[in-house]
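Subject: Structure handover

Hello,

Here is the structure for you to look through. My notes follow below it.

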Amino acid sequence: MSQSHLNQIRGSAPLKFLVIGAGSRGNGYAHALLQSTPDAQITAVAEPIEVKRRAFGRQYIWGEADAPAEWQSFADWKDFLGLQEQRQRAARDKASRWSRPVDGVFICTLDDSHCEIITAFAPLGYHIMSEKPLATTLQDCLKIYRSLRPQGSSSSPQIFSIGHVLHYSPHNILLRRLLLDDEAIGDILSVEHTEPVGWWHFAHSYVRGNWRKEASSAPSLLTKSCHDIDLLMWLLCAPPATASITDRPPHLPSFVSSTGSLLYFKPSRKPQSAGGATNCYSCAAEPQCIYSARKIYVRDRFDQGHVGWPVKIVDSEIEDMYVGGNKKGARERLEARLKDDYNESTSSPASRPWYGRCVYNADNDVCDDQVVTINWEDDPLPVTSVQQRQDRLQGRGAKNAIFHMVASTEAQCERRGHISGTRGEIEYDSRTIRVYDFATKRAEVHVPEQPGGGHGGGDAGLVSAFFKAVEAVKLRQMPVEEAQQAYVGCTAEEIVRNTAMVFAAEEARREKKVVDWPAWWQNNVEIALEHQSG
Ligand SMILES: NC(=O)c1ccc[n+]([C@@H]2O[C@H](COP(=O)([O-])OP(=O)(O)OC[C@H]3O[C@@H](n4cnc5c(N)ncnc54)[C@H](O)[C@@H]3O)[C@@H](O)[C@H]2O)c1
C-alpha cells in the first residue's frame, strides 16, 4: 500500500507519540523513531529538567519556535494526564467529541517508575512502549499485566512493547532464524551465553551510577541482564517453525538456579596506597588507578571531544555548554561534579549517583559477576499423526542454558556465546555467527548487517516494530493481538514471564537453591493473579 493511500485512510494524520523522560533512552528512541519511520511524529515530551526538556523539544518537536504549544511540553507525565482530564471534562460539558492527543507513549524514565506510569496510561487505551526492566518487583509486574488486561478480558486493547532491544537487532533476528526456522544445528541441546558488561561501563552504571544499589534500584541481573534472560527465553522456549503442532505452545523451563556476588568493587580490593580517600580527586593512588574518574570522564572522553554518554550523565548541562562554545566552563563544571563526595553526615547518599567516588569505597552492592542456569526437560506434546510420531519431541527436547554476566571485560555489552545442537554448533559474538555442520565438517560464517544506532540496530528495529504494530491497529488492518504478534513479536504474557524468570533466578541465588519453575510460576504468578482478580 502506498504512503499516500495509507495517509488517505488515516486522514493524512501521522501517528503521534509522547516521550516520557528526555534522558539517554528518550533521546535514543526519539532519534531512532524519526530516522526509521518517516511517518511518525513526536508531538509531546514530559521531562522535569527544563534544560533537557527544551533541548528535546527543540530537536524533535517544536524546532526553533519560541514556546511550545499546549500539548507539547510537560514537566511531569502526570501533567499530561491532568490536561487530558481537563479537556475531556470540557468536551463532555459541551457534548463535543474528544480524541486522544497522541496514539502512543514511550516510557523512558528510571526503572522504579515504569509500573506507576504504565498502569496510569494503560486503562486510557494508549499504545505503550516501556523501557526495560518491566518493573523492579514481581508484584509490580503483575499489576502491569492486570492493567493491560481489562476486567474479564483475556486480551489487551493496546499494543504493549518493552525495551528488550536484543530481539530486534539483525544479528539476533538471524540467530533465531538459523536456530528455529532453518534448524541449522538440529535440535538445540546446550547454550553458553555471556554478557560482557565492560570494565569502566560497569563502574559507571553499577558502582557509581543509578543502578549500583539493590535497595534504591534492583539486582544487576534485572537492571542489566534482564535482556539476556529474555533473549534466552525468546530463543529457547519457542518450538522450531517446522514443528507440526498447530498452536505451538512454548517449551517452558523446569529448573532455574543462580550464583553470583560482588567480586571486585568493594573495600577489600582497595589499594593500600589509597588510604582513607573516597574521591579520585583527593586520592594518592589516582595516578595508578584505571578507574580514576579523572581518566574515565575527563582525560579519555571530554578532552577527546566526547561529551555525550557517559559524560552527559555526570551532568546534563555539560554537552550544551560544550557545543555552545563554552568548553572551559564545561570542563570546570565536569570536574566540580566529579569532586562531589559524601560522608557520614550526608543524608541519603543513595538517592543520587556519585561519579567521582572511589570504586572500592562506594555504597554499591549489586553483583558484578553472576551465573544463571536454566534447564528444560523433555516435554513432548500428545502425538496425533505419523509424522509427529517420528519426531515426538518436535523441538521440545531437554536442553540447558548457562548465562554469565561478567563486569571486567574489554567488550562492552557485545554478547557472545556457543549453542550446541544435535547436528552442529553455533558460535556468535554480536557481529558474526559461525555455523559448523557435524555431517559436512564445514563452517559457514554469517555477517549480518550492522546498522548504526544503538544496540546493533536493536533500537531502530524496536521502534519501527512498535510503530508498525500501532499503525496496523490504527488502520484497522489487524486486531491488536495479531499486530502485537506480527510486529512486536512477543505478548505481554511473555514479557511478564521472561521478567519473572529474573526474579526466580534471584530467589535461587539469594536462598542458595534450585527453583522448580512450574511450581514457582504457579505459586508466585498464577495464584497471585487469581487472588488479585478475585
Ligand atoms: N533498552 C536498553 O538497552 C536500555 C539501556 C539503558 C537504559 N535503559 C533503561 O531506560 C530507562 C531510562 O534510562 P536512562 O539511562 O535514559 O535514564 P536517564 O536518567 O538518562 O533518563 C530518565 C529521565 O526521566 C526523567 N524523569 C524523571 N521523573 C520524571 C517524570 N515524573 N516525568 C517525566 N520524566 C521524568 C529524568 O529527569 C530523566 O531525564 C531506565 O529504566 C533504564 O533501565 C534501557
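A polar contact here is a pair of N or O atoms within 3.5 Å; within protein, one must be able to donate a hydrogen and the other to accept it, and residues adjacent in sequence count only if both atoms are side-chain atoms.

Before the rest, the ground rules. This is a predicted model, in which local features need pLDDT of at least 70, side-chain atom pairs count only at pLDDT 80 or more, and totals for chains, interfaces and linings use all residues. Residues are numbered from 1 along each chain as its sequence is written, and side-chain values use heavy atoms, with hydrogens and water left out.

**His164**

His164 sits in the loop between strand 6 (160–162) and helix 7 (170–181). Helices (H or I, at least four residues) and strands (E, at least two) are DSSP runs, numbered from the N terminus. Is His164 buried or exposed? His164 counts as buried because its relative accessibility is 2%. The cut-offs are under 20% relative accessible area for buried, over 50% for exposed, and partly exposed in between (1.4 Å probe, protein chains only). Leaving aside neighbours within four places in sequence, His164 is in contact (heavy atoms within 4.5 Å) with Lys132, Cys226, His227, Asp230, Leu462 and Thr499.

**The ligand**

A polar backbone atom of Lys132 is 3.2 Å from an oxygen atom of the ligand. For His227, a polar side-chain atom lies 3.1 Å from a ligand oxygen. Asp111 has a side-chain N or O atom 2.5 Å from an oxygen atom of the ligand. The protein buries 83% of the 850 Å² that the ligand exposes when taken alone. Those areas come from the Shrake-Rupley method with a 1.4 Å probe; for residues, only the protein chains shown count as cover.

There are 26 residues around the ligand, and Ser24, Arg25, Glu47, Lys52 and Asp111 come nearest. To be near, a residue needs a heavy atom within 4 Å. The shell divides into 11 nonpolar, eight polar and seven charged residues. Helix 2 (residues 24–36) gives the most to the shell, with three residues.

Six strands form an open, parallel sheet in the order 3-2-1-4-5-6. Strand 3 (73–74) and strand 6 are the edges, each pairing on one side only. Strands pair if DSSP finds at least two bridges between them. Strand 2 (residues 40–46) and strand 3 share two bridges. Ala46 stands opposite Phe74 there.

The other sheet is open and mixed, with nine strands in the order 14-13-12-11-7-10-9-8-15. Its edge strands are strand 14 (442–446) and strand 15 (515–516). Strand 9 (residues 369–376) runs antiparallel to strand 10 (residues 399–406), with eight bridges. Gln370 stands opposite Met405 in strand 10.

**Two helices**

Helix 8 (residues 199–207) is largely enclosed by the rest of the structure, because eight of its nine residues are buried. Among them are Trp200, Phe202 and Tyr206. The buried residues of helix 8 pack against helix 9 (220–223), helix 11 (293–299), helix 12 (311–314) and strand 10.

In helix 3 (residues 50–60), the buried residues are Val51, Arg53, Phe56, Gly57 and Tyr60. Their cover includes strand 1 (15–20), helix 2, strand 2, strand 3 and helix 13 (318–323).

Best wishes

Notes. Ala, Val, Leu, Ile, Met, Phe, Trp, Tyr, Cys and Pro count as nonpolar, Asp, Glu, Lys and Arg as charged, and the others, Gly among them, as polar.
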